Amino acid sequence: MGSLLIAGGTVVTLGEASRVLPDHAVLCENGSITRIAPSPELHVPADETLDARGKVVMPGFINAHTHFYSTLVRGLTKAEPAAGFQEVLEHLWWRLDRALEPEDCRLSALVALLEAVRHGTTTLIDHHASPHAVRGSLDALAAAVARVGVRACLCYELSDRDDQAIAADGIAENVAFLERCARGPDPHLRALFGLHAAFTLSDATLERAVAEATRLGAGFHVHVAEAATDQEHSLREHGVRVVERLNRLGVLGPKTIAAHCVHVDEREIDLLAATGTAVAHCPQSNLNNAVGVADVPALTRRGVVVGLGTDAMTENMLEELRAALWVRHLAAGDPSTGWSETLATLLVGNAAIADRLWPGAGLGELREGGAADLVLIDYHAPTPLDETTFGGHLVFGLSQASVDTTIVAGRVLMAGKRLRLDLDEAALAAQARERSRALWERF
Ligand SMILES: [Zn+2]
(Lines give C-alpha, C1' and ligand atoms only; values in the text may rest on other atoms or scores of the structure.)
Protein backbone atom coordinates (compact mmCIF):
# COMPACT_ATOMS: atom_id res chain seq x y z
CA MET A 1 0.00 0.00 0.00
CA GLY A 2 3.00 2.29 0.40
CA SER A 3 3.56 5.37 2.48
CA LEU A 4 1.70 8.62 2.93
CA LEU A 5 2.98 11.73 4.70
CA ILE A 6 0.49 14.36 5.89
CA ALA A 7 2.48 17.44 6.84
CA GLY A 8 1.89 20.91 8.26
CA GLY A 9 -1.56 20.44 9.77
CA THR A 10 -2.97 20.90 13.24
CA VAL A 11 -3.15 17.31 14.43
CA VAL A 12 -5.94 16.45 16.86
CA THR A 13 -5.22 13.00 18.23
CA LEU A 14 -8.32 12.35 20.37
CA GLY A 15 -7.96 9.05 22.26
CA GLU A 16 -6.52 8.92 25.75
CA ALA A 17 -3.71 11.38 24.98
CA SER A 18 -6.16 13.76 23.29
CA ARG A 19 -3.58 16.29 22.16
CA VAL A 20 -3.89 19.25 19.80
CA LEU A 21 -0.55 19.51 17.99
CA PRO A 22 0.07 22.52 15.74
CA ASP A 23 2.26 22.07 12.65
CA HIS A 24 2.62 18.32 13.03
CA ALA A 25 3.01 15.58 10.49
CA VAL A 26 1.56 12.08 10.36
CA LEU A 27 3.37 9.28 8.56
CA CYS A 28 1.21 6.35 7.40
CA GLU A 29 2.74 3.12 6.20
CA ASN A 30 0.96 -0.06 5.11
CA GLY A 31 -2.36 1.09 6.49
CA SER A 32 -1.12 2.19 9.92
CA ILE A 33 0.17 5.38 11.48
CA THR A 34 3.87 4.88 12.12
CA ARG A 35 4.87 8.36 13.34
CA ILE A 36 3.36 11.59 14.57
CA ALA A 37 5.95 14.37 15.03
CA PRO A 38 6.51 18.10 14.44
CA SER A 39 6.52 18.69 10.68
CA PRO A 40 10.14 19.98 10.55
CA GLU A 41 11.31 16.74 12.20
CA LEU A 42 9.37 14.43 9.94
CA HIS A 43 10.92 15.12 6.54
CA VAL A 44 10.89 11.64 5.06
CA PRO A 45 10.38 10.46 1.52
CA ALA A 46 6.92 9.00 1.02
CA ASP A 47 4.98 7.70 -1.95
CA GLU A 48 2.63 10.64 -1.51
CA THR A 49 2.78 13.81 0.58
CA LEU A 50 -0.35 15.80 1.43
CA ASP A 51 -0.03 19.45 2.39
CA ALA A 52 -2.22 19.90 5.49
CA ARG A 53 -1.45 23.57 6.13
CA GLY A 54 -4.68 25.40 6.98
CA LYS A 55 -6.27 22.10 7.91
CA VAL A 56 -7.14 20.13 11.01
CA VAL A 57 -6.04 16.50 10.80
CA MET A 58 -8.17 14.24 12.97
CA PRO A 59 -9.49 10.68 13.18
CA GLY A 60 -12.16 9.67 10.68
CA PHE A 61 -15.67 9.82 12.13
CA ILE A 62 -17.61 6.73 13.22
CA ASN A 63 -21.37 6.30 12.78
CA ALA A 64 -22.69 3.89 15.41
CA HIS A 65 -26.11 3.27 13.83
CA THR A 66 -27.35 3.80 10.28
CA HIS A 67 -29.39 2.23 7.47
CA PHE A 68 -27.92 2.41 3.97
CA TYR A 69 -31.24 1.24 2.51
CA SER A 70 -32.93 4.51 3.49
CA THR A 71 -31.10 6.35 0.71
CA LEU A 72 -33.70 5.80 -1.99
CA VAL A 73 -36.58 7.21 0.04
CA ARG A 74 -35.43 10.80 -0.45
CA GLY A 75 -38.34 12.77 -1.94
CA LEU A 76 -40.87 9.94 -1.79
CA THR A 77 -44.25 11.51 -1.08
CA LYS A 78 -46.52 8.47 -1.30
CA ALA A 79 -46.42 7.58 2.40
CA GLU A 80 -49.51 8.69 4.30
CA PRO A 81 -48.88 11.02 7.25
CA ALA A 82 -48.14 9.11 10.43
CA ALA A 83 -49.91 9.83 13.70
CA GLY A 84 -47.19 8.12 15.73
CA PHE A 85 -44.04 6.03 15.53
CA GLN A 86 -45.86 2.77 14.71
CA GLU A 87 -47.42 4.48 11.70
CA VAL A 88 -44.02 5.86 10.62
CA LEU A 89 -42.96 2.22 10.35
CA GLU A 90 -46.17 0.96 8.78
CA HIS A 91 -46.75 3.82 6.35
CA LEU A 92 -43.14 4.30 5.26
CA TRP A 93 -40.30 2.05 6.31
CA TRP A 94 -41.97 -1.35 6.23
CA ARG A 95 -43.54 -0.55 2.85
CA LEU A 96 -40.20 0.64 1.53
CA ASP A 97 -38.10 -2.26 2.76
CA ARG A 98 -40.59 -4.83 1.34
CA ALA A 99 -40.16 -3.24 -2.10
CA LEU A 100 -36.35 -3.37 -2.08
CA GLU A 101 -34.64 -5.57 -4.65
CA PRO A 102 -30.96 -6.60 -4.46
CA GLU A 103 -29.85 -3.90 -6.91
CA ASP A 104 -31.60 -1.24 -4.78
CA CYS A 105 -29.64 -2.44 -1.74
CA ARG A 106 -26.34 -2.27 -3.62
CA LEU A 107 -26.99 1.20 -5.06
CA SER A 108 -28.36 2.70 -1.85
CA ALA A 109 -25.25 1.49 -0.03
CA LEU A 110 -22.89 2.94 -2.64
CA VAL A 111 -24.62 6.33 -2.55
CA ALA A 112 -24.65 6.41 1.28
CA LEU A 113 -21.00 5.40 1.43
CA LEU A 114 -19.90 8.12 -1.01
CA GLU A 115 -21.75 10.64 1.16
CA ALA A 116 -19.90 9.23 4.15
CA VAL A 117 -16.54 9.74 2.41
CA ARG A 118 -17.51 13.31 1.55
CA HIS A 119 -18.26 13.99 5.23
CA GLY A 120 -15.22 12.18 6.60
CA THR A 121 -17.16 9.27 8.09
CA THR A 122 -14.83 6.31 7.74
CA THR A 123 -16.54 3.60 9.84
CA LEU A 124 -20.25 2.83 9.65
CA ILE A 125 -22.35 0.38 11.64
CA ASP A 126 -25.28 -0.52 9.42
CA HIS A 127 -28.61 -2.23 10.11
CA HIS A 128 -30.15 -3.66 6.93
CA ALA A 129 -33.68 -4.79 5.97
CA SER A 130 -35.00 -6.01 2.60
CA PRO A 131 -37.58 -8.72 3.49
CA HIS A 132 -38.18 -9.81 -0.10
CA ALA A 133 -34.47 -9.91 -0.90
CA VAL A 134 -32.91 -11.21 2.29
CA ARG A 135 -30.41 -13.83 1.18
CA GLY A 136 -27.23 -12.39 -0.25
CA SER A 137 -28.17 -8.83 0.74
CA LEU A 138 -25.24 -8.48 3.17
CA ASP A 139 -22.81 -9.72 0.52
CA ALA A 140 -24.17 -7.02 -1.79
CA LEU A 141 -23.59 -4.37 0.89
CA ALA A 142 -20.13 -5.78 1.61
CA ALA A 143 -19.25 -5.48 -2.08
CA ALA A 144 -20.27 -1.80 -1.94
CA VAL A 145 -18.17 -1.28 1.19
CA ALA A 146 -15.16 -2.87 -0.52
CA ARG A 147 -15.70 -0.77 -3.65
CA VAL A 148 -15.70 2.51 -1.67
CA GLY A 149 -12.98 1.48 0.79
CA VAL A 150 -14.48 2.52 4.14
CA ARG A 151 -15.02 0.21 7.13
CA ALA A 152 -18.44 -1.15 7.96
CA CYS A 153 -20.12 -3.52 10.37
CA LEU A 154 -23.17 -5.15 8.76
CA CYS A 155 -26.18 -7.10 9.98
CA TYR A 156 -29.62 -8.15 8.73
CA GLU A 157 -32.57 -7.04 10.89
CA LEU A 158 -34.39 -10.23 11.86
CA SER A 159 -38.12 -9.71 12.48
CA ASP A 160 -41.37 -11.67 12.76
CA ARG A 161 -43.32 -8.82 11.16
CA ASP A 162 -43.40 -10.62 7.81
CA ASP A 163 -43.81 -14.39 7.51
CA GLN A 164 -41.94 -17.34 9.01
CA ALA A 165 -39.97 -17.99 5.84
CA ILE A 166 -38.65 -14.42 5.86
CA ALA A 167 -37.71 -14.73 9.53
CA ALA A 168 -35.87 -17.98 8.77
CA ASP A 169 -34.06 -16.20 5.94
CA GLY A 170 -33.16 -13.41 8.36
CA ILE A 171 -31.48 -15.85 10.70
CA ALA A 172 -29.72 -17.62 7.83
CA GLU A 173 -28.46 -14.34 6.36
CA ASN A 174 -26.95 -13.20 9.68
CA VAL A 175 -25.37 -16.62 10.22
CA ALA A 176 -23.93 -16.78 6.71
CA PHE A 177 -22.41 -13.31 6.94
CA LEU A 178 -21.01 -13.87 10.45
CA GLU A 179 -19.44 -17.11 9.20
CA ARG A 180 -18.04 -15.32 6.15
CA CYS A 181 -16.41 -12.68 8.36
CA ALA A 182 -15.00 -15.34 10.69
CA ARG A 183 -13.63 -17.38 7.77
CA GLY A 184 -11.83 -14.63 5.92
CA PRO A 185 -11.21 -11.71 8.23
CA ASP A 186 -11.31 -8.54 6.14
CA PRO A 187 -9.93 -5.49 8.00
CA HIS A 188 -12.74 -3.40 6.55
CA LEU A 189 -15.68 -5.65 7.44
CA ARG A 190 -17.31 -6.75 10.66
CA ALA A 191 -20.65 -8.38 11.46
CA LEU A 192 -23.22 -8.34 14.21
CA PHE A 193 -26.45 -10.34 14.48
CA GLY A 194 -29.24 -7.94 13.53
CA LEU A 195 -32.60 -7.81 15.28
CA HIS A 196 -35.33 -5.35 14.36
CA ALA A 197 -36.81 -4.62 17.79
CA ALA A 198 -38.36 -6.43 20.72
CA PHE A 199 -41.91 -5.61 19.61
CA THR A 200 -41.59 -7.43 16.28
CA LEU A 201 -39.80 -10.49 17.65
CA SER A 202 -41.33 -13.48 19.46
CA ASP A 203 -39.51 -15.24 22.28
CA ALA A 204 -39.12 -18.30 20.05
CA THR A 205 -37.41 -16.32 17.27
CA LEU A 206 -35.20 -14.48 19.75
CA GLU A 207 -34.20 -17.80 21.32
CA ARG A 208 -33.17 -19.14 17.91
CA ALA A 209 -31.19 -15.98 17.19
CA VAL A 210 -29.44 -16.08 20.57
CA ALA A 211 -28.51 -19.75 20.05
CA GLU A 212 -26.90 -18.97 16.68
CA ALA A 213 -25.18 -15.79 17.86
CA THR A 214 -23.82 -17.58 20.94
CA ARG A 215 -22.45 -20.40 18.77
CA LEU A 216 -20.72 -17.78 16.59
CA GLY A 217 -19.58 -15.55 19.45
CA ALA A 218 -21.48 -12.59 17.99
CA GLY A 219 -23.19 -9.61 19.59
CA PHE A 220 -26.49 -8.06 18.45
CA HIS A 221 -27.48 -4.78 16.84
CA VAL A 222 -31.06 -3.96 17.82
CA HIS A 223 -33.47 -1.01 18.16
CA VAL A 224 -34.39 -0.67 21.85
CA ALA A 225 -37.20 1.39 23.39
CA GLU A 226 -37.14 3.87 20.52
CA ALA A 227 -40.79 4.81 21.16
CA ALA A 228 -42.98 4.41 24.25
CA THR A 229 -45.03 1.88 22.27
CA ASP A 230 -42.11 -0.61 22.44
CA GLN A 231 -42.46 -0.60 26.26
CA GLU A 232 -46.27 -0.74 26.15
CA HIS A 233 -46.11 -3.77 23.85
CA SER A 234 -43.55 -5.52 26.03
CA LEU A 235 -45.49 -4.99 29.24
CA ARG A 236 -48.76 -6.07 27.59
CA GLU A 237 -47.45 -9.14 25.76
CA HIS A 238 -44.59 -10.28 27.99
CA GLY A 239 -45.20 -8.67 31.38
CA VAL A 240 -41.72 -7.15 31.51
CA ARG A 241 -40.00 -4.05 30.15
CA VAL A 242 -37.99 -4.24 26.92
CA VAL A 243 -34.46 -4.22 28.31
CA GLU A 244 -35.36 -6.77 30.96
CA ARG A 245 -36.88 -9.08 28.34
CA LEU A 246 -33.87 -8.77 26.05
CA ASN A 247 -31.59 -9.44 29.02
CA ARG A 248 -33.53 -12.55 30.10
CA LEU A 249 -33.29 -13.92 26.58
CA GLY A 250 -29.52 -13.32 26.39
CA VAL A 251 -29.45 -10.48 23.84
CA LEU A 252 -27.51 -7.98 25.95
CA GLY A 253 -23.74 -7.99 26.48
CA PRO A 254 -20.56 -6.08 25.69
CA LYS A 255 -20.74 -6.98 22.00
CA THR A 256 -24.33 -5.73 21.63
CA ILE A 257 -25.40 -2.29 20.37
CA ALA A 258 -28.82 -1.04 21.50
CA ALA A 259 -29.91 1.83 19.27
CA HIS A 260 -32.01 4.67 20.74
CA CYS A 261 -32.91 3.67 24.37
CA VAL A 262 -35.18 6.72 24.59
CA HIS A 263 -37.73 5.10 26.91
CA VAL A 264 -35.68 3.19 29.48
CA ASP A 265 -36.11 3.46 33.24
CA GLU A 266 -33.39 3.44 35.89
CA ARG A 267 -33.47 -0.33 36.33
CA GLU A 268 -33.06 -0.80 32.59
CA ILE A 269 -30.17 1.67 32.50
CA ASP A 270 -28.49 -0.36 35.25
CA LEU A 271 -29.04 -3.56 33.24
CA LEU A 272 -27.45 -1.95 30.17
CA ALA A 273 -24.50 -0.86 32.31
CA ALA A 274 -24.12 -4.20 34.12
CA THR A 275 -24.15 -6.19 30.87
CA GLY A 276 -21.75 -3.77 29.14
CA THR A 277 -24.30 -3.18 26.35
CA ALA A 278 -23.48 -0.09 24.26
CA VAL A 279 -26.16 2.43 23.36
CA ALA A 280 -26.25 4.30 20.03
CA HIS A 281 -27.89 7.68 20.58
CA CYS A 282 -29.70 8.93 17.43
CA PRO A 283 -31.14 12.35 18.30
CA GLN A 284 -32.09 13.64 14.84
CA SER A 285 -34.13 10.53 14.09
CA ASN A 286 -35.80 10.76 17.50
CA LEU A 287 -36.67 14.41 16.88
CA ASN A 288 -37.97 13.64 13.40
CA ASN A 289 -40.17 10.80 14.66
CA ALA A 290 -41.26 12.82 17.71
CA VAL A 291 -40.52 9.91 20.05
CA GLY A 292 -38.55 11.76 22.74
CA VAL A 293 -34.85 11.97 23.52
CA ALA A 294 -32.48 9.59 25.27
CA ASP A 295 -31.12 10.86 28.59
CA VAL A 296 -27.43 10.67 27.67
CA PRO A 297 -26.14 12.20 30.94
CA ALA A 298 -28.17 9.68 32.99
CA LEU A 299 -26.93 6.75 30.87
CA THR A 300 -23.34 7.95 31.13
CA ARG A 301 -23.56 8.60 34.88
CA ARG A 302 -24.65 5.03 35.51
CA GLY A 303 -21.78 3.64 33.45
CA VAL A 304 -23.33 2.86 30.05
CA VAL A 305 -21.09 3.23 26.97
CA VAL A 306 -23.01 5.69 24.77
CA GLY A 307 -22.08 6.33 21.14
CA LEU A 308 -23.65 8.50 18.43
CA GLY A 309 -25.50 7.23 15.37
CA THR A 310 -27.50 8.98 12.69
CA ASP A 311 -30.18 6.37 11.89
CA ALA A 312 -29.59 7.41 8.24
CA MET A 313 -30.66 11.03 8.82
CA THR A 314 -27.22 12.18 7.61
CA GLU A 315 -23.69 10.88 7.08
CA ASN A 316 -22.36 14.08 8.67
CA MET A 317 -21.48 13.16 12.25
CA LEU A 318 -20.87 16.78 13.28
CA GLU A 319 -24.38 17.75 12.23
CA GLU A 320 -25.68 14.90 14.39
CA LEU A 321 -23.49 16.05 17.28
CA ARG A 322 -24.90 19.56 17.14
CA ALA A 323 -28.49 18.29 17.14
CA ALA A 324 -27.60 16.08 20.11
CA LEU A 325 -26.42 19.13 22.06
CA TRP A 326 -29.38 21.37 21.24
CA VAL A 327 -31.99 18.73 22.06
CA ARG A 328 -30.24 17.94 25.36
CA HIS A 329 -30.43 21.60 26.34
CA LEU A 330 -34.08 21.83 25.32
CA ALA A 331 -35.08 18.57 27.02
CA ALA A 332 -33.41 19.61 30.27
CA GLY A 333 -34.52 23.25 30.03
CA ASP A 334 -30.90 24.06 30.79
CA PRO A 335 -28.47 25.58 28.24
CA SER A 336 -25.45 24.52 30.30
CA THR A 337 -26.13 20.81 30.62
CA GLY A 338 -24.73 17.73 28.91
CA TRP A 339 -21.88 19.32 26.94
CA SER A 340 -19.15 16.88 27.87
CA GLU A 341 -21.41 13.79 27.92
CA THR A 342 -22.76 14.65 24.47
CA LEU A 343 -19.36 15.34 22.91
CA ALA A 344 -18.14 12.10 24.44
CA THR A 345 -20.75 10.09 22.50
CA LEU A 346 -18.98 10.92 19.24
CA LEU A 347 -15.40 11.28 20.45
CA VAL A 348 -15.16 8.56 23.11
CA GLY A 349 -18.22 6.30 22.92
CA ASN A 350 -17.96 5.62 19.21
CA ALA A 351 -14.25 4.80 19.55
CA ALA A 352 -15.12 2.35 22.36
CA ILE A 353 -17.84 0.72 20.24
CA ALA A 354 -15.48 0.48 17.24
CA ASP A 355 -12.81 -1.04 19.49
CA ARG A 356 -15.18 -3.88 20.38
CA LEU A 357 -15.58 -4.64 16.69
CA TRP A 358 -12.00 -3.89 15.58
CA PRO A 359 -10.05 -4.65 18.77
CA GLY A 360 -6.78 -2.78 19.05
CA ALA A 361 -7.15 -0.98 15.69
CA GLY A 362 -7.31 2.37 17.43
CA LEU A 363 -10.27 3.65 15.39
CA GLY A 364 -11.40 7.10 16.51
CA GLU A 365 -7.91 8.21 17.56
CA LEU A 366 -4.59 9.04 15.95
CA ARG A 367 -1.71 7.17 17.54
CA GLU A 368 1.44 5.49 16.37
CA GLY A 369 0.62 1.86 15.62
CA GLY A 370 -3.08 2.64 15.12
CA ALA A 371 -5.10 2.47 11.91
CA ALA A 372 -4.50 5.27 9.40
CA ASP A 373 -8.15 6.42 9.21
CA LEU A 374 -8.01 10.21 9.04
CA VAL A 375 -9.77 13.29 7.78
CA LEU A 376 -8.38 16.68 6.84
CA ILE A 377 -10.80 19.57 7.40
CA ASP A 378 -10.24 23.10 6.04
CA TYR A 379 -9.93 25.28 9.09
CA HIS A 380 -8.22 28.49 10.13
CA ALA A 381 -8.97 28.80 13.83
CA PRO A 382 -10.10 32.37 14.64
CA THR A 383 -9.57 31.85 18.40
CA PRO A 384 -6.93 29.86 20.30
CA LEU A 385 -7.14 26.16 19.42
CA ASP A 386 -5.80 23.76 22.03
CA GLU A 387 -6.93 20.85 24.19
CA THR A 388 -9.13 23.10 26.34
CA THR A 389 -10.93 24.76 23.42
CA PHE A 390 -11.15 21.93 20.90
CA GLY A 391 -14.77 21.02 21.75
CA GLY A 392 -15.94 24.54 20.97
CA HIS A 393 -14.04 24.55 17.68
CA LEU A 394 -15.52 21.17 16.77
CA VAL A 395 -19.12 22.17 17.43
CA PHE A 396 -19.09 25.76 16.19
CA GLY A 397 -16.24 25.82 13.64
CA LEU A 398 -15.18 22.46 12.23
CA SER A 399 -18.81 21.39 11.88
CA GLN A 400 -19.30 24.30 9.49
CA ALA A 401 -16.09 23.68 7.51
CA SER A 402 -15.44 21.39 4.54
CA VAL A 403 -13.90 17.97 4.73
CA ASP A 404 -11.06 18.12 2.21
CA THR A 405 -9.49 14.67 2.49
CA THR A 406 -10.66 11.29 3.71
CA ILE A 407 -8.25 8.42 4.29
CA VAL A 408 -9.03 4.85 5.38
CA ALA A 409 -6.28 2.36 6.23
CA GLY A 410 -3.76 4.68 4.60
CA ARG A 411 -5.68 4.79 1.32
CA VAL A 412 -6.75 8.25 0.13
CA LEU A 413 -10.45 7.98 -0.79
CA MET A 414 -10.86 11.73 -1.34
CA ALA A 415 -8.32 14.55 -1.56
CA GLY A 416 -8.89 18.20 -2.43
CA LYS A 417 -12.61 17.28 -2.24
CA ARG A 418 -12.21 15.01 -5.27
CA LEU A 419 -13.07 11.37 -4.91
CA ARG A 420 -10.25 9.03 -5.84
CA LEU A 421 -12.42 6.02 -6.46
CA ASP A 422 -13.14 3.75 -9.34
CA LEU A 423 -16.70 5.05 -9.30
CA ASP A 424 -18.48 7.71 -11.34
CA GLU A 425 -20.52 9.63 -8.78
CA ALA A 426 -22.85 11.22 -11.36
CA ALA A 427 -23.48 7.95 -13.19
CA LEU A 428 -24.15 6.23 -9.89
CA ALA A 429 -26.69 8.89 -8.91
CA ALA A 430 -28.35 8.53 -12.32
CA GLN A 431 -28.68 4.76 -11.78
CA ALA A 432 -30.04 5.38 -8.28
CA ARG A 433 -32.65 7.82 -9.66
CA GLU A 434 -33.70 5.24 -12.22
CA ARG A 435 -34.00 2.51 -9.57
CA SER A 436 -35.87 4.81 -7.16
CA ARG A 437 -38.48 5.56 -9.79
CA ALA A 438 -39.17 1.84 -10.14
CA LEU A 439 -38.96 1.31 -6.37
CA TRP A 440 -41.50 4.07 -5.77
CA GLU A 441 -43.84 2.41 -8.32
CA ARG A 442 -43.74 -0.78 -6.25
CA PHE A 443 -44.15 1.11 -2.96
ZN1 LIG B 1 -32.45 2.50 13.06
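Predicted model: local features only at pLDDT ≥ 70, side-chain atom pairs only at ≥ 80, totals over all residues.
1. Is tryptophan 326 buried, exposed or something in between? Its relative accessibility is 37%, so it counts as partly exposed.

2. Next, have a look at the zinc ion. Which residues hold its protein donors? They are His65, His67 and His223, each through NE2, together with Asp311 through OD. These donors lie 2.0 to 2.2 Å from the zinc ion. Angles among the four donor atoms run from 88 to 167°, and the site is irregular. A tetrahedral label would need all angles to lie between 85 and 135 degrees, so the value of 167° rules that label out.

3. Histidine 65 and histidine 223 are both buried.

4. Now for the cysteines. A disulfide is a covalent bond between the sulfur atoms of two cysteines. How many disulfides are counted here? The count is zero. Take cysteine 105 as an example: the nearest cysteine sulfur belongs to cysteine 155 and is 13 Å away. A disulfide requires the two sulfur atoms to be within 2.5 Å, so cysteine 105 is in no disulfide. Cysteine 105 has a relative accessible area of 0% and is therefore buried. Cysteine 28 is buried too, because its relative accessibility is 1%.

5. Finally, check two backbone angles. Most residues other than glycine have a negative phi. Serine 18 is not a glycine, yet its phi is positive, at about 40°. You will find serine 18 in the loop between β1 (3-12) and β2 (20-29). With a relative accessible area of 33%, serine 18 is partly exposed.

6. Where does aspartate 23 lie? Its place is in strand β2. Why does aspartate 23 count as partly exposed? Its relative accessible area is 40%, and the partly exposed class covers values between the buried limit of 20% and the exposed limit of 50%.

How values were computed:
Residues numbered from 1 in each chain as written. Heavy atoms only, no water. Donors = N, O, S within 2.8 Å, 3.2 Å for Na, K, Ca; no water. Tetrahedral: all angles 85-135°; square planar, octahedral: opposite > 155°, others 65-115°. Buried < 20%, exposed > 50% of the residue type's maximum accessible area, 1.4 Å probe, protein only. Helix = DSSP H or I, 4+ residues; strand = E, 2+ residues; numbered from the N terminus.
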